[in-house]
Amino acid sequence: MSSSFTRALRPALRGGRCLAQRAAARSGVARPIAARNAIRPLSTTSSLRSDDPVDISEIPPTPISHLSEVEAAMAEAVSKFANDVILPKARDMDEAETMDPTVVEQLFEQGLMGVEIPEEYGGAGMNFTAAIVGIEELARVDPSVSVMVDVHNTLCNTALLKYGSEHLKRTWLPRLATNTVASFCLSEPVSGSDAFAMHTKATETADGFTISGGKMWITNSIEADFFIVFANLDPAKGYRGITAFVIEKGTPGFEIAKKEKKLGIRASSTCVLNFDDVKIPKENLLGERGQGYKYAISLLNEGRIGIAAQMTGLALGAFENAVRYVWNDRRQFGSLVGEFQGMQHQIAQSYTEIAAARALVYNAARKKEAGEDFVKDAAMAKLYASQVAGKVSGLAVEWMGGMGFVREGLAEKFWRDSKIGAIYEGTSNIQLNTIAKLLQKEYTS
Ligand SMILES: Cc1cc2nc3c(=O)[nH]c(=O)nc-3n(C[C@H](O)[C@H](O)[C@H](O)COP(=O)(O)OP(=O)(O)OC[C@H]3O[C@@H](n4cnc5c(N)ncnc54)[C@H](O)[C@@H]3O)c2cc1C
C-alpha cells in the first residue's frame, strides 16, 4: 500500500496523474465523468457532481459516515500526503508565519486545487464531498494548508464554475487547477458580518470597469494571482448594486498591503488589499451586474461546509496527537495517564462530539450534492464543528500537561488554530442567526 501511495505522490515528476485522479483510478472509477457520476449502491450521493440533476428517492439509505470508493481513496491518499509532506513542515511554517512554496506546488501537483474542476478544464472532475474529505484530512495535520485548499476550491473555483463566462472559464480554470492560487475578497474594514455594507465601488467605462476601495482579511492573498472581488456598481441600489469581478495580481493600482500577524493559522496569509482606480476589461465581470450579493450568499453557504470540515479535521488531529501520548508515552503514579478514568471519560466524550460534528458536516455535504436545501445544515455544521474544535483541542493541551503547552509538538497550535472557526465565513453568532431565522420560518404558522 505504501509504495502505491508513494507513487501517487509523485505524478508530475513522472508525468503521471495527480493524486486526486489516482484516487479515482485506485477505486476503479477512472472512467469518463458521465460514467463516474452514475449512482452506485454504496452511497446515496457517492460521486455526484454538485450540479447533476438526480433522484435519490429510490436509493437505499446508508450511514452518513459512509464514503464512496472515490472519496475513501481520496481520504487515504490525502492523509498520506499530509503526513509525509506537510507534517514535517507544519511547525516551521507556523513559526515563520509563511506557507512553504513547495507545499503550494505539491497541492497543485496532487490535483488538490482543482478537485471539482471538470477534466475538460484540467481539473480532477470529482464531487463536492471529495473536496470536503480532502479539506478535513489536510486540517487533521495542518489547518493553514487546509484553509488554502478550502478557499481556493469551495469559494473561488466554484464561483467561476457557477457564474463565469465561457471566456473566463477557459482562461482561468486550467490555471486554477494547475498553478494559480485564488482569493475571495468580500470583507472590508467597514463590513464584516454586515458584508454588503461594503464601500468598494466599481464604475463602468467604455471598455470595462474601474475598481476603487479596499478589502481586509483576505486569505491566500500573498500566494494568489487570481482575485474574485465584490464591489458596488450602483450604490444607489444598496446591496442590489453589488457585483463580482475578476482581478489579476499585477494590474496597475492593485496593491497587496499589510499582512496580518495572527493568533492561529499563521502559515495562511491574510492581507489588506487596496484598489486605486484599478482598470479591468469588461470580460472580467463575473456573472451578472447586481447579482454579487446573491453569489456571495450562495458561495458562502457552500463554503461553510468546508470550514466545518476543516474544524472537524482539526479536532480529530488534536485528539489523535494527544491520545497517542497519554496511551503510549506518559506514565504517572505507575500508570499510563490515559488509563485514569478521569482522563478516559473526557477522551470518550471528546470523540463522541467529533463524530457528531462529522455527521453534521457529511449530512450537509450530501444534502448539497443531492440538490436539497442545505443552508441550515451548513450553518449547524460550521457552528458545532468550530465549538467542538475549540473544546477538544483545548482539552488535548491539558491531557498532555506541560508537553501540550510548549511550542514543540502541535497541541498548542491546534488550539490556537481552532479559534478562527468561530470567526471566518460568518461568525458563530451569524450562524445562530441563520439557524434561528430558518427555524422560526419553519415553525411559524
Ligand atoms: C484569518 C481570517 C481570514 C479571513 N479570510 C477572509 C477571506 O478570505 N475573504 C473575506 O472576504 N473575508 C475573510 N475574513 C473575514 C471574516 O469573514 C470576518 O472577519 C467575519 O465575517 C467577521 O467580521 P468582523 O471581523 O468584521 O467582525 P464583526 O462583524 O465586527 O463582529 C464582531 C462581533 O459582533 C458579532 N455580531 C456582528 N453582527 C451580529 C449580529 N447581527 N448578531 C449577533 N452578533 C453579531 C459577531 O458575531 C462578533 O462576535 C477573514 C477573517 C480572518 C480573521
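**Close-up views of helix packing and the ligand shell**

**View 1. Contact of α11 with α13.** In this predicted model, Ala389, Gly390, Ser393, Gly394, Ala396 and Val397 of α11 meet Ala411, Glu412, Phe414, Trp415 and Ser418 of α13 (contact: C-beta atoms, placed from the backbone, within 7 Å; helices: DSSP runs of H or I, at least four residues, and strands: runs of E, at least two, numbered from the N terminus). These contact residues comprise six nonpolar, four polar and one charged (Ala, Val, Leu, Ile, Met, Phe, Trp, Tyr, Cys and Pro count as nonpolar, Asp, Glu, Lys and Arg as charged, and the others, Gly among them, as polar). The axes of α11 (residues 375–399) and α13 (residues 411–418) come within 8 Å and cross at roughly 155° (axes are lines fitted to C-alpha atoms, for helices over the stretch in contact, with angles from 0 to 180 degrees between N-to-C directions). α11 is therefore roughly antiparallel to α13 (angle over 145 degrees). The crossing of α11 past α13 is left-handed (the near helix is turned anticlockwise from the far one by less than a right angle).

Residues are numbered from 1 along each chain as its sequence is written. As the model is predicted, local features need pLDDT of at least 70 and side-chain atom pairs count only at pLDDT 80 or more, whereas totals for chains, interfaces and linings use all residues.

**View 2. Contact of α9 with α13.** The axes of α9 and α13 come within 9 Å, crossing at roughly 160°. This angle makes α9 roughly antiparallel to α13, and α9 passes α13 in a left-handed crossing. From α9, Met311, Leu314, Gly317, Ala318, Asn321 and Ala322 meet Ala411, Phe414, Asp417 and Ser418 of α13. The contact has six nonpolar, three polar and one charged residues.

**View 3. Contact of α9 with α10.** Helices α9 (residues 292–328) and α10 (residues 341–369) pack at about 155°, with axes 10 Å apart. α9 is therefore roughly antiparallel to α10. The crossing of α9 past α10 is left-handed. Residues of α9 in this contact include Ile305, Leu316 and Phe319, and those of α10 include Ile347, Tyr351 and Arg358. By class, the contact divides into 17 nonpolar, two polar and three charged residues.

**View 4. Shell around the ligand.** Among the 21 residues around the ligand, Gly192, Ser193, Thr219, Thr427 and Asn429 come nearest (near: C-beta atom, placed from the backbone, within 6 Å). Elements giving two or more residues to the shell are β1 (181–185), β3 (208–219) and α14 (428–443). Domain 2 (182–290) and domain 3 (294–443) each contribute at least three residues (bounds from an automatic or database domain assignment). The shell divides into 10 nonpolar, nine polar and two charged residues.

Conventions
Parallel < 35°, antiparallel > 145°, perpendicular 65-115°, else oblique. Contact = placed C-beta atoms within 7 Å.
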